Amino acid sequence: MAALLEIKNLKKSFGGIHAVWDVGFSLEKGEILGLIGPNGSGKSTCVNLISGVYAKDEGEIYFEGKDISRMSISARSHMGIGRTFQTPKPFTGLTVFDSVYTIALQTRSYRQAAEDSLKVLEEMGLVELKEMRSEKLPIEKRKWLDMARILVTNPKVILLDEVMAGLNPIEIEANIEMVKKINQKGITVLFIEHVMKAVTSLCHRIVVLNEGSLLMSGSPEEVMNDPRVIKAYLGGGASDGTA
């Protein structure tokens, strides 16, 4: 597999605190790569640097071989990089359908945008809720709507930032299946998550951050049995199976 996304020597500090320090890893085309670590380890900062929310202090971010570290958020989106947020942000006042349709209209005719929006809502199990106001959706469905809004842009990679947060066990199982379904469409996934059951069920490889730096990477089995990872999580108070 060819590397789709690669970050090298990435650094970002806030007020003298190193949120991300000399981090580097690659994301291979077609895989689901887990990005885990204790709270405050730099996971979301990495996602914000990759998607363009934050500007890097140092380092490089390559997508399909091109350095995108100085590109705008919209330019990265047009290249095929999509991301969700820990807390879904629905378009208040718009229906579920219109929340996806307004994004589809950016690159399509009215008719094609409508067709593609309905197709994505069908894939995400939201088509029967298409007339509901988006802010009325329960948290799980809001997360699916967040994914639908990304999917209608035809992304090559999706950065999923804690899509399991706040869900009950049944909802977590449903979301695991949804992420598998997205990946089976040929979409590469960077999976940032606290729920270890989801990480081990989904990820082909795992990258572990701790205190802003790269701790290790490897297969789920290697990572979960590594003493350094166990120590980092116990030190961060995550002894209950979450990260």
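This is a predicted model: local features need pLDDT of at least 70, side-chain atom pairs count only at pLDDT 80 or more; totals for chains, interfaces and linings use all residues.
Author: In it, Lys-89 lies over the face of Phe-85, at 4.4 Å from the ring centre.

Reader: What makes Lys-11 and Trp-21 a case of a charge over a ring?

Author: The charged end of Lys-11 is 4.2 Å from the centre of the Trp-21 ring, and the cut-off for that distance is within 6 Å.

Reader: How many aromatic pairs are there in the whole structure?

Author: A search turns up 2.

Reader: Why is the pair of Phe-14 and Tyr-54 called edge-to-face?

Author: Their ring planes are at 70 degrees, with the centres 5.2 Å apart. Planes over 60 degrees apart count as edge-to-face, so that's the name this pair gets. Phe-14 sits in strand S1, while Tyr-54 is in the loop between helix H1 and strand S4, 40 residues apart.

Reader: And what makes Phe-97 and Tyr-101 a stacked pair?

Author: Here the planes are at 20 degrees. Under 30 counts as stacked, so this pair is stacked.

Reader: How do you know whether Phe-97 is buried or exposed?

Author: Its relative accessibility is 15%, and buried means under 20%, so Phe-97 counts as buried. Tyr-101, with 17%, is buried too.

Methods. Residues are numbered from 1 along each chain as its sequence is written. Side-chain values use heavy atoms; hydrogens and water are left out. Rings of Phe, Tyr and Trp (its six-membered ring) pair if their centres lie within 6.5 Å; planes under 30 degrees apart count as stacked, over 60 as edge-to-face and the rest as tilted. Helices (H or I, at least four residues) and strands (E, at least two) are DSSP runs, numbered from the N terminus. Buried means under 20% relative accessible area, exposed over 50%, partly exposed in between (1.4 Å probe, protein chains only). A charge sits over a ring if NZ of Lys or CZ of Arg is within 6 Å of the ring centre and within 35 degrees of the ring normal.
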